[in-house]
Amino acid sequence: MKTMMSTATAALCALSVAGAATAQEILILAEDVPAGLNYDGPAAAIPSSQQGMVTLLEPLVGYADGETVDGVVVPDFDTFEGRLAESWTYDADTLTWTFNLRQGVTGCGGATFNADDVMYTFERAKSVSGAAPIGWFLSNVASIDGFGPEVFGDDAAAKELGDSIVKIDDYTVQIRQAEPNALLLPVLTIFGLLIFDKETMEANATEADPWSHDYVNNTNAPGFGGYCLESWAKNEQITYSSFPDYYRGAPDATRVSVRRVPQSSNRLVVLRSGQADLVTGLTPREYNSIADVDGLTVAGVTGNENLFIHMNFDVEPFDNIKLREAIAHAIPYDQIIATGYFGEATQWNGMVPSTYPGYAEVAGFSYDPEMAKSLLAEAGYPDGAGLDAFGEAFALSYVAEKESTLGPIVNVIQTALREVGIPATLDPIPQTQYGDRQLVRRDLPFAVNDQEKPIGVDAGYAIQLFFVSPENGGLNNMVNYRNADLDTMWSGARVDPDTASRDATLAQIQEMLAADVAWLPIVEYRTQWAFRDRVSGLKWYPDNSIRYTDLQISE
Amino acid sequence: MNGDNPLLRVRDLKVGYEVPGDLIVPVEGVSFDLNPHEVVGLIGDAGSGKSTTALALMGLARPPGKILGGSVEFGGRDLLTLPDAEIREIRGRDIGIIVQNPRAALNPMLRVGRQIGFAYRAHNEATEAAARAHAIDMLRLVGINDPERRVEAYAHELSGGMAQRALIAMALSSTPKLLIADEPTSGLDVTIQAQFLDEMWQTVQKTGSAMLLVTQELGVIANFCDRVLVLHKGRIVEDAPVRQFFAEPQHPYSQEVLRFYHERASGYPEQVTGGAGFLRTDALTKHFPLRGSDKVVQAVDKVTISVAKGEAVGLVGESGSGKTTVGRCLMRLEHPTAGAVILDGQDITALNAAEMRKMRSRMQIVFQDPFDSVNPRWTVADILDEPLRVHEGGDKAARRERAVAALKQVDLDPSLMIAKPRDLGASTLQRINIARALICNPDFVVLDEPTSVLAPRARNSLIALLARLQKELGISYLFISHDLTTVRYLCQRVAVMYLGQIVEEGSVEQVFTAPQHPYSRALLSAHLMPDPTNRRVDNPVPAALEGEIPSPIDVPKGCYLASRCPHVTDACRANPQVLTDLGQGRAVRCERVVAGEITLQEAAHD
Amino acid sequence: MPDQVQDLLLDETTYVPPVRKADWLMRIGVSIVTLVIFLALFGPYIGPYDPTRTTIRIAVPPPGLTEIPGLLAGWIGGTLEYPPHWMGTDANGYDIFSRVIAAPRTDLKIALLANILSLITGVFFGLVAGYWRNWGTELLIRVSDVLQSFPVFIMAMVLVALAGRSATNIIIALAFVYTPIYLRLTRAEVLGQTSRGFVEAARAMGNSELSIALRHVLPNSLTPALIQSSVTIGFAILLTAGLSFVGAGVRPPTPEWGLMISTGANQIVLGEWWPSVFPGLAISLTVFGFAVLGNALERRYERG
Amino acid sequence: MLLRYITRRMLIGVIQLFCLVIAVFFLIRLLPADPVSRLVGLNSSPEGYEQAARQLGLDRPLFEQLWIYLGLSPDIAPGLLQGSLGVSWASGSTVGSEIATFLPVTLQLITLAFILAFIISIPVGMLGALNPGKAADKGVFVYSLFAGSQPEFWWGLLFVYVFYFQLGVAPAPLGQLSPMTFPPEPVTGFMLIDTLIAGEPAKFFEALHHLMMPVITLAFILSGPIIKMVRQNMLRALQSDFVLYANLIGLPRKRVARYALRAAMGPSMTLIGILYGFMLSGAVLVESVFSLGGIGQYAIRSVLAFDYPAIQGVVLVITAISLVVYLLLDLIHAAIDPRIAY
């Protein structure tokens with residue numbers, strides 16, 4: 001097989017004309033290139049778009065580097081360090097944060113960074129003028145004063161920044177929270193509050209579009225990042241060139257081209273041919289296939305990606321705890337890890353990512369078909385009798401676009417469930433429809449999900465996101481889990497300034513969730529990349545985007 | 001008659017084609033000679049192999065046929081063994097041919113002039129311009145008016161007669177020694193046919209070509225040919241000079257073909273008395289709206305006819321005269337635009353759908369195409385049962401008995417009951433159609449050209465059957481036809497239609513012996529009587545019409561015939577003509593005739 | 001044009017009609033179609049594995065030609081640990097052979113039902129639109145024209161996306177796509193029939209219009225649609241597979257050829273050919289079989 | 001006369017398109033989901049949802065949305081009347097500009113495939129027509145049946161396996177150019193033309209090389225019906241009365257051959273038009289196999305993303321092109337055959 005491969009590879013090399021990769025230039029292949037660069041715009045939820053945003057724009061703060069695991073640096077989530085903000089102070093009495101901004105930072109557009117850029121960024125966020133106002137949302141999550149739901153009303157004044165964020169001088173900005181909330185610094189690291197270059201943005205504003213959404217959606221996102229946009233053809237290619245005056249030092253890779261190659265196997269082919277330097281989003285099997293190939297490196301880290309089964313509490317018979325437990329014991333975890341992830345995963349004994357502050361390990365389920373059968377009988381469905389009546393409820397939904405990754409897993413699950421008498425079928429549905437049914441309608445009865453990565457790196461945020469009832473601040477409670485005790489405990493923890501007691505409450509909540517099988521956690525799998533040996537320096541970030549500035553290129 | 005030095009010597013010509021597991025040989029040994037400057041008729045039934053023979057003379061067979069053997073000697077060389085390039089030179093240069101369905105034989109995508117030019121240049125050195133000029137000359141020669149304009153026409157823009165002339169121009173462009181004309185007038189109207197044959201004959205005389213005229217019409221043979229070849233079952237069964245052939249046919253087949261012609265001399269059918277106006281129309285008018293225009297096609301214009309009980313009325317006219325539409329209006333297959341149709345005192349145009357359906361048992365129609373008139377999926381039993389089922393219902397066995405009786409009535413064997421149409425011949429099917437029409441004992445039957453697709457022999461016996469049935473059953477017929485011979489034999493009275501109007505009406509005897517209207521006269525004189533003693537080519541042709549029938553969309557203001565009539569005056573062009581009663585059941589639509597301005601010539605025939 | 005071609009062109013004296021040609025071809029068509037029908041009835045039960053249950057063996061290549069006798073002997077002798085994967089297994093661990101022979105149940109069912117559905121509706125509307133010509137039926141034709149001018153593939157995808165991935169919805173989508181074809185075919189034929197003499201004769205005989213339409217026109221207008229349906233069944237199989245290929249077909253793990261090709265498609269650049277090649281071969285032969293059969297029927301009809 | 005005919009056809013086409021727009025507009029609004037959730041992503045609060053819905057105009061009544069789409073409320077947003085196909089919900093770019101980048105890929109692919117298919121089909125079809133019943137004809141006939149009934153995507157995969165993986169003579173199925181090659185500045189959108197405009201013959205040949213397999217795949221499938229058609233029309237022409245008569249009148253072979261060919265061409269136009277129209281969206285499977293970002297891919301993406309304006313735009317553009325192609329071919333047919341009246 002290997003020899004065949006190399007003939008093909010040789011042919012491919014021989015045929016390629018203008019090779020782009022000179023010394024410090026790299027070619028990356030990804031599922032897609034950014035569809036937009038506007039985090040308040042329609043493409044914001046797409047990871048490949050976020051990758052573009054973090055390349056061009058800088059946050060106020062970031063996490064410090066933590067330990068190096070398998071050659072990849074992971075952040076230390078307990079330590080923040082300044083990016084565009086050099087330092088900050090917090091006054092607990094007035095809930096006010098004072099940020100001292102870095103001086104002498106310039107951007108690709110030639111502007112020099114100052115407080116106006118920060119003010120502009122928050123003004124724009126609060127204007128909620130984009131299709132998906134993520135900036136506002138993050139501010140709201142962090143309880144910044146004035147960023148409540150009232151901004152969506154007809155009152156134009158509510159959309160103005162007011163006095164919750166004020167410019168003290170050109171290099172000092174104050175942000176006031178409405179209540180104690182530990183999430184302010186974490187949200188400032190996220191792509192949805194990256195700082196725009198006001199000057200360039202305003203130069204590209206129009207009367208109809210004062211916040212330059214069109215410009216950022218389609219042309220460029222001006223900021224103070226390590227790379228400048230060189231060319232961008234949606235659905236095809238995006239090229240960045242390094243910004244020599246980047247305040248954290250000129251990046252090593254002088255030019256980064258990202259090309260869209262939608263099929264993962266095709267990305268693998270090109271990587272193996274030696275034409276590309278780095279590829280993302282291969283299937284576990286594909287990563288596994290090149291693990292031992294000379295000249296290529298597969299790096300991975302257990303970050304925040306995981307796989308769970310979602311069972312909707314509003315849909316019979318999933319409201320039956322015995323049935324949920326039966327399903328939990330019917331899943332062959334080890335087989336999934338072996339055939340679905342080729343060992344690059346571990347059983348997930350928790351309800352939030354194990355790397356997040358506040359994570360508490362909970363007791364996991366074991367694969368035990370006999371117990372599953374007896375639980376099924378306890379649930380009132382011996383050997384599955386009577387379950388056929390629920391028809392489509394056992395159609396296991398998953399995102400159709402992820403077929404090549406999830407296919408082996410859902411097929412194992414489907415076979416295993418039928419083994420114990422649960423009439424599972426498969427229902428791959430398009431991402432958009434899946435999203436609609438999960439987020440808006442919340443009517444997916446039974447699903448496999450591997451794409452929930454709370455961007456706020458905090459167990460509390462994860463719990464709010466997924467398990468708190470919507471009336472009490474829940475955001476993405478896709479299984480309609482309702483637990484009044486949990487809601488109360490979480491409200492307390494949210495504004496609890498004491499980290500230790502907050503963590504204790506959160507741990508208690510995680511125990512409750514596990515006992516209720518609110519989700520059925522299956523595995524945490526490693527986030528992986530494959531690259532040629534000339535590339536190094538990769539770091540993992542919770543948004544799973546690469547920072548090209550981290551990369552070291554050797555010859 | 002065979003000369004010592006014939007132009008064409010055909011010996012044992014065999015043409016056949018394969019069908020699964022069988023070899024069918026429609027031409028199985030044809031031998032004859034053809035002399036220079038001679039006009040020879042080749043006559044035979046449909047399917048006798050006439051056209052196949054004609055093609056084979058040129059070394060060709062229509063796929064999937066193949067020439068299986070024999071020789072065609074022309075100018076001392078056997079055409080069937082010549083290499084392709086050489087026979088190609090002979091075709092068109094030495095032997096010209098015209099075929100039936102001329103419009104299909106012309107390349108639909110090329111202008112006529114170019115095609116003639118190609119044909120000319122294939123055999124003559126000429127520039128394109130010279131070829132064009134020659135094409136114009138040829139078109140003029142074959143009697144086309146305004147040839148400069150016609151060379152620019154496409155085949156589909158030409159009428160059938162015009163296209164046939166263009167074909168002749170092409171065939172004669174290199175002045176061949178022999179012209180083969182394969183049923184050149186089938187599908188043409190009577191007046192056009194006569195005109196065309198006259199012109200073709202004259203042209204051949206001028207160019208000095210010999211001619212082989214393939215036809216199934218005795219009239220054509222009698223009027224234009226010097227000699228007759230009778231083709232029967234793939235062989236020449238008789239070869240005789242025309243007069244001899246008509247006087248003393250030798251072969252039984254020839255005798256049978258000519259029998260009807262001999263019987264015909266027996267005078268006209270007797271007039272019926274009483275029951276007048278059993279069926280009549282009152283100013284029947286039918287206009288068809290023209291799509292995408294506010295104009296109408298005036299198919300039938302205030303036609304008033306009357307058929308007595310037990311009477312057969314002939315309705316004659318050329319295609320486009322509206323005679324078929326009259327028949328369809330009578331049956332209410334078309335709803336008349338105006339006027340009434342009264343059967344036995346009841347205006348059927350005023351009946352509602354249910355009443356009309358009931359009425360249909362009293363009136364029936366037989367169509368032109370016997371194959372098309374029966375449901376191809378049904379058996380004869382189903383076909384005959386249908387009217388009984390619709391109108392009488394009742395016991396199935398009884399109905400079957402009636403169907404068998406009806407079959408017998410039209411001289412068919414009851415064993416046909418289980419046959420399907422595709423296994424039957426045209427004349428058998430037409431008899432079944434007649435049986436179906438008569439099975440509910442109607443009072444009145446429209447016969448819409450029932451014999452036009454039949455071979456002459458079958459035609460004769462069908463007419464005899466219709467005459468017999470009328471006599472036995474006492475029904476009334478409206479017999480629509482362009483074939484004057486059959487009308488004369490079957491009908492008591494006749495009406496002549498032209499462009500939607502009746503131009504003359506009277507007893508068959510009156511109209512046939514002394515036609516009054518110029519159109520009737522032309523029609524009768526154009527009719528080729530199978531009488532070699534009084535050949536058309538030997539006499540000056542009287543009362544010929546010019547040109548072709550005008551479009552029924554923009555009818556002339558005055559007399560509709562004005563553009564073609566040899567007696568036309570300015571008054572004719574200006575004044576609409578009215579049908580004027582001349583007494584004795586005669587009426588004519590021509591003010592000059594009524595005024596006695598057109599002297600009655602000797603009737604052309606009888 | 002080369003001279004030789006011209007020679008052939010004008011070789012007009014020799015001609016054998018294309019009619020009876022290749023009866024062996026028709027036999028091939030009939031055999032293929034029969035086999036597919038047999039598999040549609042029994043395929044899901046006769047494979048060595050359950051076509052919808054995974055094995056733990058992922059992406060096993062099919063045995064080489066030389067290994068087959070040994071495997072066969074072992075299989076019959078019962079010495080094998082598990083039945084051989086004659087066509088290998090796919091990335092999900094399914095036995096490809098069992099799925100390939102189980103698939104006709106899905107593919108043929110969809111194609112047949114879609115075809116029957118569209119045939120019935122198409123013929124019905126075609127008859128109505130051809131026989132009763134008024135503004136209403138004219139509108140019907142226009143609507144059908146608009147439907148037909150839809151890009152077929154996108155239309156089917158939208159319909160399936162609209163109603164979800166299920167065999168029923170695919171049947172409805174295909175029926176939607178094919179109905180205008182039958183409508184047009186039938187209408188054209190009806191138009192030809194209504195002016196024929198026997199229809200006029202039936203009217204002159206006093207039949208009601210409905211009776212004429214049903215007894216005379218309809219039976220004589222059916223043949224083209226029936227012939228077309230053999231071809232359409234083949235194309236419905238292609239379209240079903242195509243829809244699966246772009247993710248708008250039946251749901252996994254239903255054994256369906258297009259879905260199987262699509263599962264394996266990704267890996268073909270890496271040399272993993274068997275998950276795609278075997279089901280594709282099955283489609284290729286099946287559709288060819290239906291095309292051959294349809295063509296034979298057509299020629300038979302034209303012959304009369 | 002000609003002009004009037006064209007105008008009339010265009011008018012009918014516009015009416016047809018209008019009906020289509022209405023039909024598609026309502027049809028896709030029956031879709032069981034909308035793309036709002038995709039926009040809101042992590043911010044799935046009701047406010048976020050409403051905000052996104054408002055941005056997309058989904059909060060407006062249905063008929064108002066239609067009005068805007070048609071361009072009857074240009075003060076809110078430009079619509080069809082203003083020549084705008086709207087803005088893609090998935091990307092925020094105008095649908096027009098997106099189609100302008102996707103469409104040329106498909107047009108280039110299928111046009112080349114048609115040309116290749118013709119180059120193959122005309123001689124092969126004639127070979128069959130000229131030897132009716134002989135072995136060559138049987139071969140041609142079976143080939144045409146076979147090629148016309150094949151799953152093209154599977155053949156594409158097979159070709160990839162054989163020519164890329166095994167033999168290494170074809171490039172990897174990675175689109176129009178190798179990933180290392182920077183595409184030239186898009187001027188026309190047609191890669192082959194743009195590379196020439198940019199004066200980069202190396203890229204031109206590279207693009208040609210990348211097009212090789214998809215074009216061969218499509219041409220193979222297309223050759224089935226086209227050969228069948230050429231063979232049939234040629235047979236019919238050769239059996240026609242006027243070809244027989246042309247022989248009878250002794251025209252030279254060449255002339256007769258030309259008669260027959262021209263007669264066979266006319267009726268072929270309709271089928272070509274239908275095939276071309278079908279391929280506009282039917283090429284999607286081959287595009288998918290070879291990672292060519294054509295209009296079919298765009299359509300799939302839009303359907304899967306429930307991107308209403310994009311779906312509407314694609315259907316409209318594809319249908320409009322089909323109608324124009326039909327019209328052009330009818331005009332050619334009329335030019336060949338004078339019997340076709342306007």
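R493(B) and E311(B) are both buried, and in this predicted model their side chains meet in a salt bridge with an N to O distance of 2.7 Å. Because R493(B) lies in strand β20 (residues 493-498) of chain B, while E311(B) sits in the loop between β13 (306-307) and β14 (312-316) of chain B, the pair ties together parts that are 182 residues apart in sequence.

Two further pairs belong to chain A. K322(A) and E325(A) form a salt bridge at 3.9 Å, N to O, a value to be read against the 4 Å limit within which such a contact is counted. These two residues are three residues apart in helix α10 (residues 321-330) of chain A, so about one helical turn separates them. K322(A) counts as partly exposed, its relative accessibility being 30%.

In the other pair, the closest N and O atoms of R437(A) and D443(A) are 3.0 Å apart. R437(A) is buried, because its relative accessible area of 18% falls under the 20% cut-off, whereas D443(A), at 31% relative accessibility, counts as partly exposed.

| Salt bridge | N to O distance |
|---|---|
| R493(B) and E311(B) | 2.7 Å |
| R437(A) and D443(A) | 3.0 Å |
| K322(A) and E325(A) | 3.9 Å |

Salt bridges also occur as a network, in which E89(B), R93(B), D94(B) and K177(B) are linked. Over all chains, a search of the whole structure finds 76 salt bridges.

Conventions. Residues numbered from 1 in each chain as written. Chains lettered and ligands numbered in written order. Predicted model: local features only at pLDDT ≥ 70, side-chain atom pairs only at ≥ 80, totals over all residues. Heavy atoms only, no water. Helix = DSSP H or I, 4+ residues; strand = E, 2+ residues; numbered from the N terminus. Buried < 20%, exposed > 50% of the residue type's maximum accessible area, 1.4 Å probe, protein only.
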